[in-house]
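Subject: Structure handover

Hello,

Here is the structure I promised to pass on. My notes follow below it.

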Amino acid sequence: NLNFHPAGRHFLHIPGPSPVPDRLLRALSYPTIDHRGPEFALLARQVLSGIAQVFQTQHPVVIYPASGTGAWEAALVNVTNPGDEVLMYETGHFASLWSQLAARIGLKPEIVALPGNCSQTGFPNSWRRGVQADLIERRLREDSQHKIRAVCVVHNETSTGVTSDIASVRRAIDAAGHPALLLVDTISGLGSADYRHDEWGVDVSISGSQKGLMLPPGISFNALSERAIERSKLSTMPRSFWAWDEILQANQAGSWPYTPNTNMLYALVAAIDMLINEGLDSVFARHQRLATACRQAVHAWGLEVQCAEPSAYSPVLTGVVTPPDVDADGVRKIIYEHFNLSLGTGLGKLKGRMFRIGHLGECNDLSLLAALTGCEMGLRLAGVSLSGSGVSAAMTYLASTSSVQARYH
Ligand code: PLP
């Protein structure tokens, strides 16, 4: 019944889209201006230099009026030739979708993954851990003819709650002496998890608006390197809308070759201002702290965290594995209906076996605790026996690490 509105605000705790702060909602409502006029050129310059700061790059960032999937395709079509081989590491459902996209546009994706399944959960081992760079290095060393054009990895795998060490992938490519470009999906990492495009030697970083940047869905990004730009000049892949050259050229004059998403750009300027004012390091530390509190709750419930490797725990979301006889989507449904709280579903191979709690963007101690309370009550209503109160555990952790001192003194 679409006319039924439960009282109070909806608790959006899926791992993106994340809640849009009021300041950004207001920015979205500014009057749309002439996208070829002088006022727009100022906006464009502000956006382009600001977003580069968030990617921690000195190089250009291309902005598309498209969802993250568009930016995935854009990254590939600009640096490949038809039929090229690309090495894609399978960390989870999104890595797998990206490789399917690569196949559909005529590339030859080769999947690299940790073998086997977890004895406890039956999930693929590769879906519980970060990228194993040694597997990439081994495969690249075998490719003596350098047929592999690009290595593609997901920085923060949103389907599992596992974050990968991107610098280790760069080291693996260099150690193998291989010329493949490094393409990284940080769609759900950027603005929440530490990300350094230049320092980590990434050639194309892909991101989207609806996660750590706190905007609605609708724009996405390719951050480039010199090598990626050079490679794009030689690429023979048919492309038009996604082609970097025309966009980079138009951006120089503060415009786009087509009608840009003006109102999203207003909000993006405001979002960048919020992130830079807080300080990127503080933003990352805030996410880490909330993520730790969330895991403390899951451990106290006696449930399993999907990520099996503590050094790879995601600051963005936590995957919660339900006991084998409990349908995770049934639990989510109860939580949604009783508490007006949305949680992420288990994707692909994890369907029905786990749910995901997002703690990214506009999230604070109390919004996280509210979400955990909804989870705890919902799990109990679903008849799941819990070994303790996760909410209490999270409260204890948050109280002992309060950030008030830093802010008011
Ligand atoms: N990659 C990752 C890691 C994602 O989390 C998502 C979306 O959640 C995508 C790719 C696809 O992006 P979009 O749904 O914006 O097209």
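How many residues of domain 1 are in contact with residues of domain 2? The count is 31 residues of domain 1 against 32 residues of domain 2. Two residues are in contact here if their C-beta atoms, placed from the backbone, lie within 7 Å.

Some ground rules. This is a predicted model, where local features need pLDDT of at least 70 and side-chain atom pairs count only at pLDDT 80 or more, while totals for chains, interfaces and linings use all residues. Residues are numbered from 1 along each chain as its sequence is written.

**Domains**

Domain 1 covers 11–19 + 279–408, and domain 2 covers 22–278. These bounds come from an automatic or database domain assignment. The C-alpha centres of the two domains lie 26 Å apart. On the side of domain 1 that touches domain 2, two elements give two or more residues: α10 (280–301) and β12 (317–321). Helices (H or I, at least four residues) and strands (E, at least two) are DSSP runs, numbered from the N terminus. The largest share, 5 residues, comes from α10. By class, that side of domain 1 has 15 nonpolar, 11 polar and 5 charged residues. Ala, Val, Leu, Ile, Met, Phe, Trp, Tyr, Cys and Pro count as nonpolar; Asp, Glu, Lys and Arg count as charged; the others, Gly among them, count as polar.

**Ligand shell**

The ligand is surrounded by G16, S67, G68, T69, F94, V154, T158, D185, I187, S188, G208 and P217. The shell divides into 4 nonpolar, 7 polar and 1 charged.

The peptide bond from G16 to P17 is cis, with omega near -5°. P17 sits in the loop between β1 (11–13) and α1 (22–28). Q56 has a positive phi of about 55°, although it is not a glycine. Q56 lies in the loop between α2 and β2 (61–64). For context, most residues other than glycine have a negative phi, and most peptide bonds are trans.

**Helix pairs**

Axes are lines fitted to C-alpha atoms, for helices over the stretch in contact, and angles run from 0 to 180 degrees between N-to-C directions. Angles under 35 degrees count as roughly parallel, over 145 as roughly antiparallel, 65 to 115 as roughly perpendicular and the rest as oblique.

- α3 (residues 68–79) and α4 (residues 93–104) pack at about 55°, with their axes 10 Å apart. That makes α3 oblique to α4. The contact is made by T69, W72, E73 and L76 of α3 and W98, L101 and A102 of α4. Those residues divide into 5 nonpolar, 1 polar and 1 charged.
- α2 (residues 38–55) and α9 (residues 262–278) pack at about 40°, with their axes 9 Å apart. These two helices are therefore oblique to each other. Residues in the contact include L43 and V47 of α2, and L265 and I272 of α9. By class, the contact has 10 nonpolar, 3 polar and no charged residues.
- α12 (residues 365–381) and α13 (residues 390–400) pack at about 165°, with their axes 9 Å apart. That makes α12 roughly antiparallel to α13. The contact includes L369 and L372 of α12, and V391 and L398 of α13. Its residues divide into 6 nonpolar, 2 polar and 2 charged.

Best wishes

Terms used. Near = placed C-beta within 6 Å.
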